[in-house]
Amino acid sequence: ARAERERIERELENTTLNKFVKNVESRIYATLSKQMVDAMFADCSTDCATTGTAEIEGSTITWIKDTSTGMISLEVVGADGSITKIEIPGSGEFNF
């Protein structure tokens, strides 16, 4: 009975409509993240934002750009209160 219930749940998750909704959701999140990254790395020789915040499904994402060093601080506070901090060189050029 459990195996049959799990099979039915998998079938419901894999409907064309559910696949479509997941694809749209993924594209929306990709667009939001691109806009945030574009704002973070914008050329601030003219007027530009130096901070930004987004709330997504109970999590808060905040970034702050130090205009003197170009360093970007990114902080993600999860819905559970967990905190992740990332320091990003503002040049946008990463060498691996």
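Trainee: Why is Ala3 called exposed?

Mentor: In this predicted model, Ala3 has a relative accessible area of 55%, and exposed means over 50% (buried is under 20%, partly exposed in between, with a 1.4 Å probe and protein chains only), so Ala3 counts as exposed. Residues are numbered from 1 along each chain as its sequence is written. Because the model is predicted, local features need pLDDT of at least 70 and side-chain atom pairs count only at pLDDT 80 or more, whereas totals for chains, interfaces and linings use all residues, and side-chain values use heavy atoms, leaving out hydrogens and water.

Trainee: What is the place of Ala3?

Mentor: Ala3 lies in helix α1, which covers residues 2-13; helices are DSSP runs of H or I with at least four residues, strands are runs of E with at least two, and both are numbered from the N terminus. The C-alpha atoms of Ala3 and Thr31, 28 residues apart along the chain, are separated by 38 Å.

Trainee: What makes up the protein chain, and in which order do the elements run?

Mentor: The protein chain has two helices and four strands, and from the N terminus on they run α-α-β-β-β-β.

Trainee: Why is the protein chain called more spread out than a compact globule?

Mentor: Its radius of gyration, taken over C-alpha atoms, is 19 Å, well over the 12 Å that the globule rule gives for 96 residues, so the chain is more spread out than a compact globule; that rule is 2.2 Å times the number of residues to the power 0.38. Along its principal axes the C-alpha trace spans about 65 × 30 × 30 Å, and buried residues make up 14% of the 96 residues.
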